[in-house]
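Hi,

Here is the model I promised to pass along.

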Amino acid sequence: MTPRARARWLAQEPLLLPVLAVGLAFGLCAVAIAALGRSPLLAAEALWDGGLGGLGPLGESSLKATALAFTGLAVAVPYAGGLFNIGAQGQFVAGAIAAAWIGAALDLPGPLLIGAALAAAFAAGAALGALAGFLKASRGVHEVISTILLNWIAIHLVDSWLVVGPLHASGSSGFSHSGTEAVRSAAHLPLLAGPDSRLNAGILFAALGILAAALLLRRSRFGLELRALGASEKAARTVGIPVGARTIQALALGGGLAALGGALLLLGGGTDYRFPENYRDPYGFDGIAIALIGAGDPVGVALAAALFGVLRAGAVRLQDPEVGLHRSWPEIAQGVAVVLVAGQRLLRGLYRLPLRQRRTASAAPAPAPPPLASPPA
Amino acid sequence: MTPILEARGLSRSFGELRAVDRVSFALAAGEVLALVGENGAGKTTLLNLLLGFYRPDEGEIALDGAVRRWRSPADAEARGLGMVHQHFTLVEPLTVAENVVLGREPRRFGLAGPFDRRRAEREVAEVAEREGLPIDPRGRVAELSVASRQRVEILKVLWRGARVVAFDEPTGALGPAESEALCETVRRLARGGRAVLFVSHKLREVLAVASRVAVLRAGRLVATLDAKGAEPERIARLMVGDASAPPTGLPRPSPGGAASPPPRSRGVDEIVLRLSDAACRDDRGAPALRGVSLALHTGEIVGVAGVDGNGQRELAEVLTGLRPLDAGRLEVEGVDLTFARARELRARGVAHVPEDRLRGGLFGALSVAENLALGSPGPLRRRRLVAEAAAAIRAYDIRPPEPGMRASALSGGNQQKLLLARELGRRPKLVVAVHPTRGLDLNAQALVRARLREAAAGGAAVLLVSFDLDELREIADRIVVLCAGRVTGEAAAREATDGRLGLLMSGAAA
Amino acid sequence: MSELTTLVVSILAFAPPVALAALGGVLSERAGVVNLGLEGIMRFGAFFGAWAALASQSAWVGLSAGALAGGAAGALLAALAIFAEADQIVAGVALNLLALGLVTFLLEWALGAAGGITDPVPALPSLSLGGLGRLPWVAAAAMLLLPALASLLLAKTPLGLRWRAVGENPRAVAAAGVSVRGLRFFAVTASGVAAGLGGALLPLAVLGRFEDRMPAGQGFIALAAVVFGKWSPLGALGAAVFFAGAEALQIEISSSGGALAALVPRGLFLALPYLLTLLALAGFVGRAVPPAADGVPWDPEAR
């Protein structure tokens with residue numbers, strides 16, 4: 001390999017590693033499925049049918065992919081600034097409940113009502129994110145801890161107060177309709193493929209969100225300053241970047257994005273157009289996985305969200321008697337993939353072996369090996 | 001006398017680079033051998049080989065005449081070799097005694113049995129007493145001064161029974177008085193029968209403490225001289241290997257001699273910066289500046305000297321808007337900017353070359369073009385950015401000339417060029433440069449000094465913070481000395497002898 | 001008086017899982033590794049504890065299996081964070097996600113648990129308190145004893161000295177000839193054992209069975225307890241007890257159905273531990289300062 005080709009390969013590496021990790025995770029799962037005496041091929045076919053086979057499955061896939069895309073962005077955008085938003089789950093829930101409230105309480109024509117619901121959701125999520133940002137900027141509280149704490153504050157307040165208290169559906173008897181009042185039909189996101197599929201305008205919002213995030217990070221000064229902050233906070237201060245303000249803005253933006261995911265899932269009918277009691281889908285936590293698998297890049301997030309959205313939707317078919325598998329396999333694959341992404345240094349060690357032999361021939365001196373005192377893994 | 005420690009043809013390569021190349025020498029008890037050389041000459045690598053941190057590619061190490069292969073630093077330590085590191089390795093919340101015995105704690109029933117704290121404290125007190133390094137074994141390291149912390153580092157090595165003690169740049173952060181005390185400690189160790197390896201680039205100090213001087217250049221041992229009668233100029237030439245190179249790092253023969261810059265011509269003599277009665281606190285909340293007043297004129301380079309931790313860092317941060325003032329007033333070109341933050345000061349023409357260039361000044365993960373773009377505000381225009389980057393790369397000779405290259409992939413010298421391009425390329429009114437030549441090779445150092453002179457010649461006022469008094473004398477017009485957050489004195493560069501500056505730095509002449 | 005007794009009994013019954021997981025968090029963070037995987041480790045501990053107890057019909061075997069599974073999960077986290085040099089937070093998140101999917105699958109595959117709930121598992125011995133119900137004294141004893149032991153270990157032994165040192169300045173430990181990676185690996189694995197034990201107590205001492213939703217955020221409460229307890233074993237125990245007390249009080253109030261229940265929403269009580277921890281971190285309720293090298297990966301070449 002010429003030095004130039006090697007340099008090009010190394011430049012692409014950060015994006016290729018997650019692909020490798022996902023591939024390896026699928027491989028491992030296939031082996032495990034075969035070891036259980038089931039057929040990985042049948043499983044793949046079921047996932048394909050369940051996720052992409054027709055408009056119905058496509059609708060399910062797009063609902064899940066939309067939510068995952070937004071929670072993934074909610075983690076990825078602050079991450080560009082070196083900020084780890086673990087709070088997407090709480091922000092997602094806050095966005096969903098805000099949309100549920102506005103969508104039921106206001107009487108406006110369709111587009112306006114949807115706009116108002118999304119705006120309220122964004123504001124709710126952004127407020128949670130901004131609070132974490134403010135605590136970091138003004139009191140030095142690490143955002144990982146504060147966003148985790150805010151997750152549970154939001155979840156408990158929504159679950160055990162708003163949903164069962166002030167926003168509880170009043171008219172209906174509590175048994176059949178637990179949760180909040182359903183939003184007005186004007187607030188329903190327009191269906192794109194007729195009444196038989198839940199494919200709706202949410203997926204367009206997701207595409208828009210991905211595009212906006214990519215442009216923001218790559219082409220705007222805000223994005224450059226955010227990435228600068230991620231590269232070195234100290235140097236960012238030196239060149240006069242208002243670090244505190246950028247921290248708050250980035251986390252607020254992340255919170256708002258996660259909340260949009262929650263709102264679009266709700267307005268798209270993913271939870272029957274209402275916020276249910278004891279809502280437990282971990283889209284926010286999954287967002288962390290999506291961002292990591294997507295290498296923190298908006299386009300990567302889009303691909304990862306699409307992939308795992310389809311798999312989640314397809315998973316219902318895994319339980320068909322002829323397949324005979326549990327629906328949690330996509331989650332297992334996702335978990336394994338994230339473990340592999342986390343341990344990517346080991347992955348890299350695997351495929352770099354052939355490269356290493358050439359190293360002495362290349363122009364760049366190799367970095368000094370670590371001292372003997374602490375041998376490498 | 002038979003040598004304690006011998007190096008026989010030691011070599012070690014990192015990739016293409018031959019960091020240590022067939023080095024041989026012998027070290028006897030009672031002697032201090034100084035290792036001198038430029039940055040990258042292989043001094044630290046050689047120490048790491050001798051002390052077991054690295055394994056040699058070739059050659060062998062003999063202790064008391066017997067060949068040894070170190071499996072680990074602990075192995076070398078068990079045989080009586082110890083190193084006082086340049087960067088202290090102390091645990092602040094622990095006590096002196098705990099730090100000294102860490103890793104070899106006196107114990108009763110294994111690792112999870114009781115720790116014999118009293119024995120540890122007694123033993124540390126005994127060693128301290130015997131070696132003339134007085135310290136309270138029960139004191140917390142967090143509360144100690146820099147010099148006392150170094151004492152703890154030395155005690156660590158001696159308590160472990162070292163017969164050979166290596167010092168890696170031990171006076172880097174010390175003032176003249178403390179450096180002299182350290183040199184006395186080193187001489188005492190040798191008198192007591194230990195062998196000492198002393199790595200430093202300060203030739204005067206080396207000649208004061210060493211019995212012999214070994215000169216390293218590009219990994220090779222080029223000469224070993226007796227310290228008695230050795231001339232600094234000759235050693236410096238040996239270090240550089242080029243008789244024409246400027247012998248920096250040396251006491252200059254006479255002020256205003258051949259190496260001094262041409263006299264600076266000043267245009268209009270305007271005051272650029274006026275700092276009055278400035279006071280601020282450090283990161284821990286203790287007073288760092290206590291009423292500092294300074295005035296800098298156009299075209300002037302003012303050096304700031306002082307022992308590390310006497311307010312230099314805070315002064316630079318105050319001037320660049322990174323640290324708020326508790327009291328006092330800051331004016332740039334007559335405009336009151338006391339409460340301005342970094343962004344506004346930069347917009348007013350203040351440039352900052354911070355001390356830790358890769359973490360404090362540059363963005364390693366971003367490209368050269370992006371690093372340059374972050375120097376000035378305004379919306380991003382991709383094409384213009386690339387054009388500007390190409391121009392800056394040409395003007396400052398940044399190599400390789402790739403605007404898309406990550407800053408972290410550049411060499412140290414080229415990183416500093418990039419930083420200067422960003423900061424000086426905007427034609428600033430005031431330049432605040434903190435240790436801008438530290439860690440660079442001589443050519444890059446000369447280039448940095450030339451750029452700072454150019455900035456001054458172009459009408460900027462330059463504030464240069466440096467520990468290198470020779471550097472300050474070389475390019476500054478006058479030198480102010482900070483001690484304990486106050487300006488204790490000021491001297492024209494040509495009148496600033498070491499003795500006078502040392503007195504001011506210790507606060508004695510205030 | 002009897003209300004106070006009830007409160008104490010319910011704290012002793014409900015606090016141990018969180019207290020032990022928090023102890024795990026302290027052990028890991030004092031060595032300089034943030035353990036964000038407590039939730040996942042508890043989940044592994046709870047599941048394998050229940051599985052082994054059901055298979056062997058012995059709660060003690062279950063408890064050991066839970067500790068073992070926790071230790072293995074801790075070792076995985078340590079391998080990722082220390083040897084693969086993964087971001088510690090990413091590694092913890094990865095462990096949580098893995099536990100989520102894998103245990104859901106194993107639950108149905110290995111135990112065939114319909115509806116995500118297992119059969120009742122053998123319980124650890126408990127003490128009858130007459131009208132106050134039964135007290136699972138093994139869990140309560142472990143909760144009180146283990147943090148005390150850990151506290152002694154950290155403060156009074158050579159191992160503890162190194163443990164604290166590696167969390168404050170790993171360079172100093174390396175310079176003293178002690179392996180930073182080895183020490184941290186040991187610490188994080190020990191952290192996993194403690195959190196695994198805590199997890200195993202959920203089926204074996206608290207609920208009497210395994211449920212798919214376990215540990216339902218208790219690992220994150222434990223994380224909050226680490227911070228609220230200022231990174232000390234006894235402090236974390238105190239925080240866990242305090243949080244359990246808040247929860248018990250909430251149950252008391254809502255079951256009494258009085259005016260107070262209508263006035264103070266249940267969600268507020270549940271959110272209280274997190275809210276207080278946030279305030280503590282922000283310095284409004286006593287400043288919480290982590291060990292200096294907490295969360296900083298060990299890089300032997302960095303200066």
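How many bridges join strand 16 of chain B to strand 17 of chain B, and do these strands run parallel or antiparallel? Four bridges join them, and the two strands run parallel.

Before the rest, some housekeeping. This is a predicted model, where local features need pLDDT of at least 70 and side-chain atom pairs count only at pLDDT 80 or more, while totals for chains, interfaces and linings use all residues. Residues are numbered from 1 along each chain as its sequence is written, chains are lettered from A and ligands numbered from 1 in the order in which they are written, and side-chain values use heavy atoms, with hydrogens and water left out.

Strand 16 covers residues 350-353 of chain B; strands here are DSSP runs of E with at least two residues, helices are runs of H or I with at least four, and both are numbered from the N terminus. Both of its faces are covered: B:Val350 and B:His352 on one side, B:Ala351 and B:Val353 on the other, are all buried (under 20% relative accessible area with a 1.4 Å probe, protein chains only; exposed is over 50%, partly exposed in between).

B:His435 counts as buried because its relative accessibility is 7%. Setting aside residues up to four places away in sequence, B:His435 touches B:Glu355, B:Val465, B:Ser466 and B:Phe467 (contact is heavy atoms within 4.5 Å).

The four-stranded sheet, chain B

Chain B also has an open sheet of four strands in the order 2-1-4-5, with antiparallel pairing (a pair needs at least two DSSP bridges). Its edge strands, each pairing on one side only, are strand 2 (17-28) and strand 5 (66-68). From one strand to the next the twist averages 25°. Strand 4 (residues 58-63) and strand 5 of chain B share three bridges, and B:Leu63 has B:Ala66 of strand 5 as its bridge partner. Packed on this sheet is helix 1 (residues 43-50) of chain B, which touches strand 1 (3-14), strand 2 and strand 4; its direction makes about 120° with that of strand 1 (axes are lines fitted to C-alpha atoms, for helices over the stretch in contact, with angles from 0 to 180 degrees between N-to-C directions).

Chain A

Chain A has 14 helices and zero strands. Of its 377 residues, 53% are buried. Of the contacts with a separation of 6 or more, 74% are between residues 24 or more positions apart.

Helix 2 (residues 40-52) and helix 3 (residues 55-80) of chain A have axes that come within 5 Å and cross at roughly 85°. They are therefore roughly perpendicular (65 to 115 degrees; under 35 is roughly parallel, over 145 roughly antiparallel, the rest oblique). The contact uses A:Asp49, A:Gly50, A:Gly51 and A:Leu52 of helix 2, and A:Pro57, A:Leu58 and A:Ser61 of helix 3.

Helix 3 of chain A also holds A:Val77, which is buried at 1% relative accessible area. Beyond its neighbours within four places in sequence, the contacts of A:Val77 include A:Ala213, A:Leu217 and A:Leu257. A:Leu216 is 139 residues from A:Val77 along the chain, yet their C-alpha atoms are separated by 9.2 Å.

Cheers
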